Amino acid sequence: MNTANTTLDVGLGLPIGDPAALLTWARRADAGPFSTLGLLDRLVHDNPEPLVALSVLAGATSRVRVQTEVLLAPLRGTALLAKQAATLDRMTGGRFVLGLGVGGREDDHLVAATDLRTRGRLLDEQMGVMRRLWAGEAYGDGAGPVGPAPARAEGPQVLFGGFQPAALERVARWGDGFLAAAPPSWAGGLFDTVRRFWAEYGRDGEPRLVAQVNVALGPADVVQDARSRLLDYYAFTGMAERMAEGLLTTPAAIRAALSAYAGLGVHEVMLYCYGVDPDQVDRLADVL
């Protein structure tokens, strides 16, 4: 599949195992065919903090978007998050995409002193506040506006991840698009639901649809490294083996997935890498 002749963007989800190497990944991706650099978020895990890391990577690149995939907003103070997002959006000239989710790991919420049971409601409250702050309105309660103004008047592009109906509805209520970490066989139904909510809310245009698929391309040791790290990351779910089984490890499998997502009307596919070998950037570029 030659993605250069389609409207399908292809981004890279960056590995978290070697933060110091991410500059190499970013520079190679910026020089290649990739559209976006994505970075996941955890608190109780050995991963770089995504807003800090993406700020560094944005400064080392000039073209690609930088995207949280997804940032766990309920773990963070709302006004500060709005300021951080607006700053990164402004300083990158609109290259920042704020992917948001609620997070399902109990330990993350324990450390952040947030209530796991009310995280969805909190995210909705946060979005109301952030949208007002990005528009230049006062915070309230005797506090004025929180700048700087983002590159876009309405704030950075916001994508929501998730699988439950409330998460899919949130795309239409507050967001610009949806990020689906699901195979094509499952993602199609999620996209249809997002589109339905979008229409019910009377939103103009269409939601931006972004898919995520796990990949590892290279010698056996690269694939094994990715598989081991993926198993470790998803161990808490009890479904780590099933996640590892979905790892795409050949050019043919990756091209087939891109074609399947394109058939679902997806705008972008994020090829998420768990293995730390930066030569995967070039190998994946050759697939496109």
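Residues are classed by relative accessible area, with buried meaning under 20%, exposed over 50% and partly exposed in between (1.4 Å probe, protein chains only). The structure is a predicted model, in which local features need pLDDT of at least 70 and side-chain atom pairs count only at pLDDT 80 or more, while totals for chains, interfaces and linings use all residues. Residues are numbered from 1 along each chain as its sequence is written, and side-chain values use heavy atoms, with hydrogens and water left out.

Two packed helices are described by the angle between their axes and the distance between the axes. Helices (H or I, at least four residues) and strands (E, at least two) are DSSP runs, numbered from the N terminus. Axes are lines fitted to C-alpha atoms, for helices over the stretch in contact, and angles run from 0 to 180 degrees between N-to-C directions. Helix α3 (residues 78-91) and helix α5 (residues 119-134) cross at roughly 50°, their axes coming within 9 Å. α3 is therefore oblique to α5, given that angles under 35 degrees count as roughly parallel, over 145 as roughly antiparallel, 65 to 115 as roughly perpendicular and the rest as oblique. Contact (heavy atoms within 4.5 Å) is made by Thr78, Ala79, Leu81, Ala82, Ala85 and Ala86 of α3 with Gln126, Val129, Met130, Leu133 and Trp134 of α5.

In a second pair, the axes of helix α10 (residues 251-263) and helix α11 (residues 280-287) lie 10 Å apart at an angle of about 60°. This angle makes α10 oblique to α11. Pro251, Ile254 and Arg255 of α10 meet Leu284, Asp286 and Val287 of α11.

Within helix α6 (residues 165-174), the buried residues are Ala167, Leu168, Arg170, Val171 and Ala172. Their cover includes α5, β8 (157-161), β9 (177-180) and α7 (184-200).

Backbone geometry was also examined. Most residues other than glycine have a negative phi, and most peptide bonds are trans. The Glu69 to Val70 peptide bond is cis, with omega near -5°, and Val70 lies in the loop between β3 (65-68) and β4 (71-72). A cis bond likewise joins Gly147 to Pro148, with omega near 5°; Pro148 is placed in the loop between β7 (143-145) and β8. Ala113, in the loop between α4 (106-112) and α5, has a positive phi of about 60° although it is not a glycine. Ala113 counts as exposed because its relative accessibility is 70%. Asp141, in the loop between β6 (138-140) and β7, is not a glycine but has a positive phi of about 55°. With 83% relative accessibility, Asp141 counts as exposed.
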